[in-house]
Structure formats: structure tokens, C-alpha cells
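Please look through the model with this note beside you. The points can be checked one at a time.

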Amino acid sequence: MERIARVRETSGARALLALKCFATWSVFDFMREYMDGTTSSSLNEVRLGHERFGKETHAYSVAYADYEIDEVVSHADKIIFNSISQLERYADNAAGIVRGLRLNPQVSSSSFDLADPARPFSRLGEWDLSKVEAVMDRISGFMIHNNCENSDFSLFDRMLGQIEERFAPLLRNAEWVSLGGGIHFTGDDYPIDQFAERLKRFAGEYGVQVYLEPGEASITKSTTLEVTVLDTLFNGKNLAIVDSSIEAHMLDLLIYRESAKVAPNRGPHRYMICGKSCLAGDIFGEFDFEHELKVGDRISFQDAAGYTMVKKNWFNGVRMPSIAIRELDGSIRTVREFDYADYEQSLS
Ligand SMILES: Cc1ncc(COP(=O)(O)O)c(C=O)c1O
């Protein structure tokens with residue numbers, strides 16, 4: 001949070017929490033002191049941002065429906081349409097708030113097709129300059145999200161240069177530009193001052209208020225998933241089964257074929273840590289431990305905040321982990337426990 005605040009101060013950019021990544025509102029009182037507000041992907045998120053976080057509230061969605069647009073507008077300071085046709089359909093509904101459009105620069109830092117906003121035939125934003133120029137009377141700014149887990153400042157810098165080359169005439173007519181999320185500027189080795197300077201230069205060149213929409217960068221290393229070993233077995237490898245499931249509780253790791261993180265991940269005893277759902281590939285990863293694992297041992301998966309609690313599901317009816325907050329004085333406060341009624345109510 002302090003790194004975000006420093007970038008805001010030195011660059012003049014505003015930072016909005018991307019609720020799609022992290023929407024645990026019981027810590028919003030704390031985050032609010034360091035950030036300018038929230039951005040959203042749906043009516044539910046924009047309402048949560050408005051009611052639980054406050055400050056500035058941006059609305060964005062890949063597509064709004066007729067039955068929700070007025071309520072979306074009632075919760076937002078700014079609305080960013082994904083397409084010119086959505087802008088034209090709802091420009092009048094949103095006439096009372098600031099309106100913008102998503103641009104797609106057709107270049108991104110993603111190496112994963114699934115998460116690449118610049119993938120061929122991408123539906124995420126407009127890219128035709130002349131078409132966008134024709135609707136400039138109805139918008140005052142743009143959102144561009146083309147970074148993805150990008151911890152390389154020079155790549156960010158290069159891609160921003162490409163955006164400037166391509167969209168300069170639009171940027172010169174804009175009052176604000178959101179550069180989206182996906183920039184790992186809170187990472188330990190990130191050249192944060194160079195980054196802030198680049199944002200400031202961009203803002204000065206086009207006379208725009210810059211926004212950032214950090215999701216992951218807001219909560220990196222803030223959270224752990226604490227699990228307990230339920231069983232161990234040897235099937236050619238040492239296996240340990242824990243009281244959680246990657247599919248239910250850390251789904252993104254499964255989707256992107258990544259391993260969970262355990263620290264220090266050192267020692268002579270290697271185990272494959274497996275979830276308790278029926279999915280054969282319900283595996284958190286292979287890790288090294290100082291001691292042999294036994295039933296009842298606790299394992300702590302690190303850096304577990306992003307795209308976890310917003311995606312948790314009841315697959316196999318696996319028990320949902322409680323949510324607890326460690327206060328700055330070290331004390332732990334449980335803010336949510338889940339029981340059978342929550343499982344039953346998630347169904348019908
Ligand atoms: C428009 C937009 N803004 C912000 C984000 C947050 O990205 P991250 O969590 O990688 O910072 C995303 C992620 O998909 C996004 O699509």
C-alpha cells in the first residue's frame with residue numbers, strides 16, 4: 001500500500017483497486033487510506049465498490065444489459081464502455097456521469113492466450129482510430145488494459161510508447177486515461193521512481209489525469225491459505241492430501257497451470273501436495289520440507305490473495321476456508337466462517 005501511495009504522490013496518477021482480483025471488503029477501511037477508489041467489471045462489483053470502499057468508483061463491463069445500466073450509473077462516477085455500440089446504446093443513460101471507452105492497442109505483455117487482451121479477434125475494446133474519433137463528442141477519456149503480470153518496466157515503457165504512437169490524436173483530446181492493471185510496480189525490484197516519472201511524463205504530454213487499476217499489485221504477498229494435512233501416501237512419490245482444493249480455493253493456479261507457493265521450500269523431504277476434491281489433477285505443487293509430513297501438519301500457501309477469494313466455489317462441497325485478518329499488531333480476527341447453510345444456499 002505504501003508503494004502505491006508513493007507512485008500516486010510522485011506521478012500524480014490515481015490508483016483504483018480492481019475488485020475482480022480482490023474484493024475482501026473487510027480490509028477496505030485500511031486500503032482506502034492508500035488508494036483513490038475502485039474499478040469494476042459488473043453491476044455487483046460497482047455497487048460493492050461504491051458501498052463498501054467509496055471514494056472514486058469506475059464502472060466497466062465487457063457488456064451491460066438494459067436491465068442494469070441505470071443502476072450501474074447510480075453507483076459510478078465514471079463509466080467506461082467496451083465498445084462503440086454499447087456507448088451509443090447507453091450514452092444518454094450515462095449522460096450525468098463521465099463517459100469513456102476502452103481502447104485495444106493490439107499489443108500486450110501476456111504470454112498466455114487465455115489472458116491476452118490483444119489476442120486475435122479480441123472483444124476487449126476498440127482499436128479503429130477513425131471510428132473512435134467519430135464518437136469523441138460523447139466521451140472524455142479512455143481505458144487501456146494491455147499489461148498482464150508485467151514486472152518488466154522497459155516492456156511497460158515500450159508498450160506505452162506504442163500506444164502513444166498509435167493513439168496520439170485521441171489522447172490529445174482526452175481528459176483522463178486509465179492504464180488498467182497488470183503492472184507489477186509493487187514488486188521488490190521494480191524501478192518505482194522511473195515508473196512514476198514515466199506516468200507523469202505521459203500525463204503532461206497529453207494533459208490527462210492518469211489512472212492505474214492495480215489488482216494483483218495491491219495485494220501481492222498479503223495473504224496465505226492455511227491448510228492441514230489429512231493423509232499421506234507413497235505412490236512412487238510422497239503425497240500429502242490437505243483439507244483444501246486447488247480447484248475450489250485457488251482456481252487460477254489450475255487454469256494457468258501454475259504451482260502454489262510454499263516458503264521456505266527447503267529440506268530433504270519432497271512432497272506433492274494434493275487437494276481433496278475428486279479431480280485427479282487437484283495438485284498444489286511439489287515442495288521440499290525439513291521434516292516428514294504427518295496428519296495434522298499445517299502448510300501455508302503464500303501470496304494467495306489474488307483471484308482466489310473472488311473465485312472460490314463449492315466444488316465437491318469441500319469445506320470453505322474461513323477468512324481471517326491479521327491486524328498490524330499481530331492479532332488475528334476471523335471475519336467469516338462458512339458452514340453447511342452457505343453450501344446449501346449456493347445451490348437450489
Ligand atoms: C480492465 C482491467 N483492469 C484491471 C485488471 C487487474 O489486473 P491485475 O490484477 O493483473 O493487476 C484487469 C485484469 O484482468 C482488467 O481486465
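Predicted model: local features only at pLDDT ≥ 70, side-chain atom pairs only at ≥ 80, totals over all residues.

The numbered points below cover the ligand site, a pocket, a serine in a loop and a cavity.

1. Residues around the ligand. The shell around the ligand is made up of A18, K20, C21, M143, H145, G181, G182, E213, G215, E216 and Y307. Sorted by class, this shell has 4 nonpolar, 4 polar and 3 charged residues.

2. On the oxygen side, an N or O atom in the side chain of Y307 lies 2.6 Å from an oxygen atom of the ligand. G215 takes part through its backbone: a polar backbone atom of G215 is 3.0 Å from an oxygen atom of the ligand. The ligand taken alone exposes 390 Å², and the protein buries 86% of that area.

3. The second largest pocket. Its volume is about 310 Å³. The lining consists of A23, T24, W25, S26, L48, M309, V310, K312, I323, V335, R336 and F338. By class, the lining of this pocket divides into 8 nonpolar, 2 polar and 2 charged residues.

4. Serine 245. Where is S245 placed? S245 sits in the loop that runs between β10 (238-242) and α10 (246-249). Is S245 buried or exposed? Residues under 20% relative accessible area count as buried. S245 has a relative accessibility of 0%, so S245 is classed as buried. One is the backbone nitrogen of E247, at 3.2 Å. Another is the backbone nitrogen of A248, which lies 3.2 Å from a polar atom of the S245 side chain.

5. The cavity. How many cavities of 30 Å³ or more does the structure hold? The count is 1. I144, N146, N147, F156, M159, L160, I163 and L179 form its lining. Of the residues lining the largest cavity, 6 are nonpolar and 2 are polar, with no charged residues.

6. Reading the linings together. The ligand shell includes 3 charged residues, the lining of the second largest pocket has 2 charged residues, and the lining of the largest cavity has no charged residues.

Technical notes:
Residues numbered from 1 in each chain as written. Heavy atoms only, no water. Near = heavy atom within 4 Å. Polar contact = N/O pair within 3.5 Å; in protein donor to acceptor, adjacent residues only side chain to side chain. Areas by Shrake-Rupley, 256 points an atom, 1.4 Å probe, with all protein chains shown as cover. Nonpolar A, V, L, I, M, F, W, Y, C, P; charged D, E, K, R; others polar. 1 Å grid on protein atoms, 1.4 Å probe; cavity = no way out; pocket = protein on both sides within 12 Å on 5 of 7 lines; lining within 4 Å. Points joined across faces, edges and corners; volume = space filled by probe spheres on them. Helix = DSSP H or I, 4+ residues; strand = E, 2+ residues; numbered from the N terminus. Buried < 20%, exposed > 50% of the residue type's maximum accessible area, 1.4 Å probe, protein only.
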